[in-house]
Amino acid sequence: MDQLYSKKKSMIKSMVLWSVLMVSQVASAQTLEKMIWFNEPEHWSIDDGALEMIVPAQTDYWRISHYGFTVDDAPFYYATYGGEFEAKVKVEGNYKARFDQAGMMLRLDHENYIKAGIEFVDGKYNLSCVVTHKTSDWSVITLDRPVEYVWIKAVRRLDAIEIFYSFDDEEYTMMRNAWMEDNRPIQVGMMGACPDGNGFTARFEKFSVRHLPDLRRLQWLKNNAE
């Protein structure tokens, strides 16, 4: 009995140590070539770990609210992840027309998704975030000047996703905290949309997803590490 108890205790300690090591791992760029298109654009390329696409005209993601229509036809390049994680990407675009946008998307299905990045509205750059659960909402932070690029970071923990932005990949500021059903795999990747223009070029660099140990499991391990 004592041997079984000691073995169980040793296994739990090993699991805790492994979880800590996973947290400390440095995120590395994903293998973009192995990701999947939803609404693949006609023109796109991957070069030196960066994705570039010409965002097609008259494309977007939106459901019902305010405008009265539903569209689900913009390009989205993604991989699927389970559990909790931190994802980030550097986003650039030569935005030209109203509502031109590029950024990160996290998507359970056509009724549940988040898209966040830069959106060009009324001649200004805006940090933009759309959260959709059957119907869409939209929040913006208007910038006082154009920016060459922005970093977008998403952290999925429990039943929420926090969205952050940065201009240097060092200091991040939260722009949204939104509910998202947990314990379901989610698609994570890069999107662009051009609802009102004739298309534009978007570029995405250093896309990465870093696994985070499940908080509930960590708590269980802590409570049972006797």
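Predicted model: local features only at pLDDT ≥ 70, side-chain atom pairs only at ≥ 80, totals over all residues.
Q: Where does Y67 lie?

A: Y67 lies in the loop that runs between β4 (61-63) and β5 (70-72).

Q: Switching to the whole chain, what does the secondary structure come to?

A: The protein chain comes to two helices and 16 strands. Of its 226 residues, 48% count as buried, and the chain exposes about 12000 Å², of which carbon and sulfur atoms supply 51%.

Q: How much of the contacts comes from residues 24 or more positions apart?

A: Taking the contacts in the protein chain with a separation of 6 or more, residues 24 or more positions apart account for 63% of them.

Q: OK, the open sheet: what is the strand order?

A: Seven strands form the open sheet, in the order β1-β6-β15-β8-β9-β10-β11, with antiparallel pairing. β1 (36-38) and β11 (135-142) each have a single partner strand, so they stand at the edges and one side of each is left without a neighbour in the sheet. From one strand to the next, the twist averages 25°.

Q: How many bridges pair β8 and β9?

A: Strand β8, residues 101-109, and strand β9, residues 112-121, pair in the antiparallel sense over eight bridges; within these strands, A102 stands opposite I118 of β9.

Q: What about β7, how many of its residues are buried?

A: In strand β7 (residues 84-93), 10 of the 10 residues are buried, so the strand is largely enclosed by the rest of the structure.

Q: Which residues point which way from it?

A: E84, E86, K88, K90 and E92 point one way from β7, while F85, A87, V89, V91 and G93 point the other way, and all of these are buried.

Q: Which strands do bridges join to β7?

A: Among them are β16 and β12. Nine bridges join β7 to strand β16 (residues 200-212), running antiparallel, with E84 opposite L212 in β16. Seven bridges join β7 to strand β12 (residues 150-157), again antiparallel, and here K88 stands opposite K153.

How values were computed:
Residues numbered from 1 in each chain as written. Heavy atoms only, no water. Pairing = 2+ DSSP bridges. Helix = DSSP H or I, 4+ residues; strand = E, 2+ residues; numbered from the N terminus. Axes fitted to C-alpha atoms, helices over the stretch in contact; angles between N-to-C directions. Buried < 20%, exposed > 50% of the residue type's maximum accessible area, 1.4 Å probe, protein only. Contact = heavy atoms within 4.5 Å. Areas by Shrake-Rupley, 256 points an atom, 1.4 Å probe, with all protein chains shown as cover.
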